[in-house]
Amino acid sequence: MEELVSLCKRRGFIYQTNELYGGMQGVYDYGPLGVELKNNLKQAWWSSMVYERDDVEGLDSSILTHPNVLKYSGHEDTFTDPLVDCKDCKSRWRADHIDEGKCPSCGSENLTDPRPFNLMFKTTIGPVDDGSSFAYLRPETAQQIFTNFKNVVDSTSRTLPFGIAQIGKAFRNEITPRNFIFRVREFEQMELEFFVEPGSDDEWHTKWIEERINWWEKQGINKSKLKILEVDKEELSHYSKKTVDIMYKFPHGLEELEGIANRTDFDIGSHTKNQNDYEIKSDVIRNEDSVTKLAFQNKISNSWIIPYVIEPSAGVDRGFLAILNEAYKIEKLENGKERTVLSLKSHLSPIKAAVIPLKRNNQNLVDKAMNLKNLLQSIGLGRVLLDNAGNIGKSYRRHDEIGTPMCITIDFETLDDNSVTIRDRDSMEQNRIKLVEVPDFFKKSLKN
Ligand code: GAP
């Protein structure tokens with residue numbers, strides 16, 4: 001893990017937030033390369049969920065959430081971790097992090113009994129901070145999908161089964177943020193709420209587990225590092241009938257990358273008005289505040305039902321960490337030296353190609369390189385960089401380390417015969433091709 005953390009900082013993937021004021025635990029910033037990789041990952045998810053399917057719509061809802069949403073979702077009552085205080089050193093721990101009844105910090109056995117601690121962040125709304133007007137920062141993106149269910153159905157005329165996809169920030173006041181970006185207080189989720197007829201839920205659940213494993217494989221995660229874990233009945237979230245976690249072998253151990261839950265009719269049943277009009281099977285809180293009927297009318301039988309929900313919910317930050325971990329390699333070279341290489345799938349690479357003039361001060365070379373950079377950039381496949389550092393060997397190493405799939409060198413031969421050298425990141429092979437062929441070569445190799 002240390003090597004990844006160091007690469008992330010050195011090359012501008014991830015920084016500790018507000019480091020100049022001592023930092024904040026469990027909060028990170030994504031740097032110039034990090035933001036590109038993260039956007040590419042989110043785009044890959046969005047494409048597979050929304051563009052490549054015909055039964056999913058997108059949404060981008062607010063982070064500030066009405067307290068009633070999180071009251072009826074059950075989060076106010078149940079979104080807690082049991083905490084233990086050390087009466088001697090005053091540190092606070094999650095109960096499951098206490099070993100043999102001893103404080104992990106000072107070893108004292110003088111501990112309180114576990115007490116529930118709600119993980120949601122609250123913030124004041126409006127100018128007066130008297131506690132009466134507040135909102136939560138959403139702890140999951142899912143709830144605002146449920147509260148928009150009727151809006152989306154009305155504006156798109158969708159029928160079951162169909163889904164609503166959303167990517168966005170979520171906030172949890174984790175007691176022990178740890179393992180770099182694995183467990184943080186501010187993170188992003190990619191969540192799909194897929195609404196189905198009751199009775200077809202088990203089948204859809206199985207389908208989504210398969211889909212999601214295949215998707216992670218396409219992002220470069222080796223299947224042998226993934227494990228499927230069915231969550232024990234006693235550990236299921238209050239809304240779930242069955243949850244399957246996709247676990248990944250992170251550098252610190254096997255941990256959850258994505259959860260795929262059968263949320264039953266709990267969510268739509270919780271937020272609808274007139275709950276008594278429907279056969280809601282799950283155990284919902286009695287809702288006297290909702291002003292909207294969320295049930296769905298079956299167009300054939302005309303009956304109103306509360307749909308079941310299958311939810312694949314993935315963490316962007318955990319995905320980022322898994323992908324970096326998977327791509328990071330140190331290779332021994334024939335000359336006895338080593339190189340660090342990030343063998344990212346090219347659709348995820350922060351920089352798609354680097355155009356490198358052999359000499360930084362030669363205006364002819366630099367102009368030619370700039371023209372090619374602009375041409376490749378205009379194709380719209382992602383960021384292309386003009387790398388004018390003037391040391392070709394160092395540029396190759398740097399681009400290996402940040403995962404750039406190809407480097408294109410403009411040298412003096414280019415000025416004579418309009419040919420360039422293309423160097424492949426993984427094989428380090430170099431080929432000479434005509435300048436006019438570069439755009440097609442670029443498009444083709446990025447598709448692989
Ligand atoms: N809507 C369901 C839900 O939020 P979850 O298992 O609590 O379920 C889903 O979260 C995913 O969000 C997790 O699999 C994980 O990838 C990510 N996640 C959850 N808490 C996180 C945290 N504190 N830091 C980073 N990622 C987190």
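Analyst: Let's start with the word itself: on a 1 Å grid over the protein atoms alone, a pocket is an open set of points where a 1.4 Å probe fits, with protein on both sides within 12 Å along at least five of seven lines. Grid points are joined across faces, edges and corners, and a volume is the space filled by probe spheres set on the points. By that count, the largest pocket holds about 1,500 Å³ of space.

Some background: this is a predicted model, where local features need pLDDT of at least 70 and side-chain atom pairs count only at pLDDT 80 or more, while totals for chains, interfaces and linings use all residues. Residues are numbered from 1 along each chain as its sequence is written, and side-chain values use heavy atoms, leaving out hydrogens and water.

Now, who's around the space? The lining (residues with an atom within 4 Å of a point) has 50 residues, and R172, R183, S237, D245 and E256 lie nearest the pocket's centre. Among the elements giving two or more residues are helix 4 (75-78), strand 13 (242-250) and helix 9 (316-327). Strand 14 gives the most, with seven residues. Helices (H or I, at least four residues) and strands (E, at least two) are DSSP runs, numbered from the N terminus.

For context, the second largest pocket has about 580 Å³ of space, and 24 residues line it.
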